[in-house]
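Here are my notes on the model, as numbered points.

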Amino acid sequence: MGNDARIPDAAAPVDFEEVQSTARFQELRKRHRSFVFPMAVAFLLWYFAYVLLADYAVGFMSTKVWGNINIGLILGLLQFVSTFAITGWYVSYSNRKLDPIAAEIRHEIEGHEFDKDGNRVTGVNK
Amino acid sequence: MIGIATSVDVAQLKETTLLNMGIFGLFVAVTMVIVLRASRNNKTAADYYAAGRSFTGSQNGTAIAGDYLSAASFLGITGAIAVNGYDGFMYSIGFLVAWLVALLLVAELLRNTGKFTMADVLSFRLKQRPVRIAAAISTLAVCFFYLLAQMAGAGSLISLLLGISDWGGQALVIIVVGALMIMYVLIGGMKGTTWVQIIKAILLIAGAAVMTLWVLAIYGFNLSSLLGAAVETSGNPAVLNPGLQYGKSETSKLDFMSLGLALVLGTAALPHVLMRFYTVPTAKEARKSVVWSIWLIGLFYLFTLVLGYGAAALVGAETIKTAPGGVNAAAPLLAFHLGGPLLLGFISAVAFATILAVVAGLTITAAASFAHDIYANVISKGKADADTEVKVARRTVVVIGILAILGGILANGQNVAFLVALAFAVAASANLPTIVYSLFWRRFTTQGAVWSMYGGLGSAILLIIFSPVVSGAATSMIKDAHFALFPLSNPGIVSIPLAFLLGWLGTVLDKKREDTAKQAEMEVRSLTGVGAEKAVDH
């Protein structure tokens with residue numbers, strides 16, 4: 001159980017700038033950003049396209065497709081579908097592409113490979 | 001009494017008051033026992049604010065859903081769809097899609113970088129004092145707006161159930177709700193509050209599911225017939241089309257855009273939602289919680305579509321509007337129509353519980369922010385020990401509780417979903433730009449953060465004050481005054497871009513550079529979770 005208000009710093013003397021400059025970390029950052037940025041842009045565009053249609057293309061959105069179900073309702077429900085799909089996609093991407101490499105870097109830092117003054121083994125109580 | 005000719009006789013509701021109160025009392029008793037049990041090992045600040053980081057992803061995801069599916073979602077959206085048709089559905093979609101911003105850009109990075117509050121992350125690599133103060137002020141402001149909405153929901157519900165329409169009676173019940181909430185938070189801290197959220201989320205989703213199936217069964221599980229019946233009862237085919245509420249003029253169309261923007265960008269900036277990410281041990285669990293909550297919340301909003309149109313078809317918009325509690329009464333009235341006093345009692349108890357739980361969540365967030373950010377880090381400059389900090393947090397809970405009670409009495413009667421949308425606009429303007437910039441923009445500086453936060457917060461609140469929400473319209477809080485200089489009721493479309501712009505401008509014009517080592521540390525920590533992952537077992 002947590003008994004300390006601070007984040008326990010297993011990696012106090014770490015040279016984070018060195019970690020940041022490693023090829024592996026750059027790769028992790030690239031993988032993260034190359035997924036989340038385009039995806040964020042895509043779903044925001046799709047969402048605002050929907051809001052604009054509902055706002056300024058009322059006639060189109062009111063077109064009945066089947067019974068009383070109109071295009072507006074279908075597009076609205078598709079927003080739900082796309083949200084669920086992106087969620088699933090992101091989770092599988094993180095599990096495959098982000099988590100392993102993040103765990104590797106984390107273990108290296110905690111194993112003192114990036115300590116500022118040599119391989120000092122202090123401050124770790126694991 | 002109005003509504004005698006319709007299917008729901010509002011006057012009958014009074015006869016079920018005792019039953020409603022009984023079910024509600026039972027909920028309070030059961031949750032209080034759980035809170036007491038959960039609070040036994042509340043010793044440290046990490047226990048009090050972050051529940052010892054002991055929750056699993058699925059538990060926390062359910063609690064997030066509990067926090068998020070507030071009275072606004074249940075009472076407000078159902079009412080908005082019942083009365084305004086398709087335009088009410090817009091709330092559901094915005095509230096749901098917004099979770100992708102939280103999932104992709106904020107949740108895990110935030111979990112890896114912070115400790116208890118939003119300000120922990122924002123001030124990580126910038127100057128502590130100014131950024132912390134700004135973040136704490138905006139946290140308090142957003143929580144206050146959100147609290148107003150919940151308290152207004154409590155007022156609506158009470159007036160419907162007890163048939164109390166006089167000011168004093170409603171105020172008394174708001175005071176009781178507020179006092180109960182203060183007790184939960186004082187005794188249970190984050191752990192007790194989280195358990196209340198979990199229980200309530202399950203009850204709420206189950207209750208909504210039962211009602212949804214019931215309504216669908218009436219129409220032979222055919223959505224099209226349900227929609228047809230809604231058109232028939234309202235006598236207006238436009239309830240199925242967009243624009244019934246917001247399509248009236250160019251101004252109202254712009255207002256709709258503004259609402260859409262605030263909804264989608266607000267969630268990832270709500271301090272009480274952000275704080276929930278700290279109750280799990282790792283970033284992976286934070287991700288799991290968001291996934292859980294997206295599924296639960298998405299499912300729930302699909303229910304509200306059926307419930308809203310169901311209320312429009314079976315109860316009728318006119319009856320809803322004239323019932324005590326107005327638009328917010330759609331869901332309870334539908335419950336009464338379907339299952340009589342027993343279902344009404346259950347649904348109302350759940351709605352009460354919802355309000356109670358969300359108010360508790362908001363209060364603990366605001367208290368944590370004041371005690372941790374302003375008291376511990378600014379007033380006593382980091383010298384306060386954890387015990388004193390928790391003591392301050394507990395006292396803050398009482399103060400905030402009293403403010404919420406007073407605000408609730410004032411905001412009584414407004415549509416809850418609409419009031420919550422204002423809280424979203426304030427959150428998206430004040431917090432989101434700084435959160436995004438500090439996580440992703442290396443060059444971002446303290447001046448940018450401070451300009452963006454105060455600029456976003458100030459402009460959002462000023463625009464609300466000078467909007468038709470506060471004065472000049474029939475539905476305003478102050479009906480007799482006319483100082484509505486700003487035509488839109490949601491400020492998002494102006495204040496959110498302005499806050500992003502100010503964050504950029506403040507940074508480019510800042511001659512000082514921030515510490516690159518701190519930036520490197522934040523970036524490495526946020527993506528790898530080093531340090532934060534072990535927060536549980538030290």
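1. A salt bridge here is a side-chain nitrogen of Lys or Arg within 4 Å of a carboxyl oxygen of Asp or Glu. By this rule the count over all chains is 15. Keep in mind that the model is predicted.

2. Side chains of opposite charge can pair when their charged atoms come close. One such pair lies within chain A. Glu27(A) and Arg31(A) form a salt bridge, at 2.8 Å from N to O. Why are Glu27(A) and Arg31(A) about one helical turn apart? Because they are four residues apart in helix α2 (residues 23–56) of chain A.

3. Next, the interface. On the chain B side, 77 residues are in contact with 65 residues of chain A. The area buried between the two chains is about 6,400 Å². Carbon and sulfur atoms give 69% of that area.

4. How many salt bridges cross the interface of chain B and chain A? The rule finds four. One pairs Glu523(B) with Arg33(A). Their closest N and O atoms are 3.9 Å apart. With a cut-off of 4 Å, that pair at 3.9 Å is counted as a salt bridge.

5. Polar contacts also span the interface of chain B and chain A: 17 residue pairs, both partners at pLDDT 80 or more. Several helices build the chain B side. Each of α2 (45–50), α5 (86–113), α9 (223–234), α10 (250–266), α12 (283–314), α17 (432–440) and α20 (516–528) of chain B supplies at least two residues to the side touching chain A. The largest share comes from α5(B), with 16 residues. Sorted by class, the chain B side that touches chain A has 43 nonpolar, 19 polar and 15 charged residues.

6. Which residues make the nonpolar surface patch of about 610 Å²? They are Trp451(B), Leu498(B), Leu501(B), Trp504(B), Leu505(B), Val508(B) and Leu509(B). Helix α19 (residues 492–508) of chain B gives the largest share of the nonpolar patch, five residues. Val508(B) is placed in helix α19 of chain B.

Key
Residues are numbered from 1 along each chain as its sequence is written. Chains are lettered from A and ligands numbered from 1 in the order in which they are written. This is a predicted model: local features need pLDDT of at least 70, side-chain atom pairs count only at pLDDT 80 or more; totals for chains, interfaces and linings use all residues. Side-chain values use heavy atoms; hydrogens and water are left out. Contact means heavy atoms within 4.5 Å. Buried area is the accessible area (1.4 Å probe) that two parts lose on being put together, summed over both. A polar contact is a pair of N or O atoms within 3.5 Å; within protein, one must be able to donate a hydrogen and the other to accept it, and residues adjacent in sequence count only if both atoms are side-chain atoms. Ala, Val, Leu, Ile, Met, Phe, Trp, Tyr, Cys and Pro count as nonpolar, Asp, Glu, Lys and Arg as charged, and the others, Gly among them, as polar. Patches are made of residues with over 30% relative accessible area and no salt bridge: like charges are joined within 9 Å, nonpolar side chains (Val, Leu, Ile, Met, Phe, Trp, Tyr) within 5 Å. Accessible areas come from the Shrake-Rupley method with a 1.4 Å probe; for residues, only the protein chains shown count as cover.
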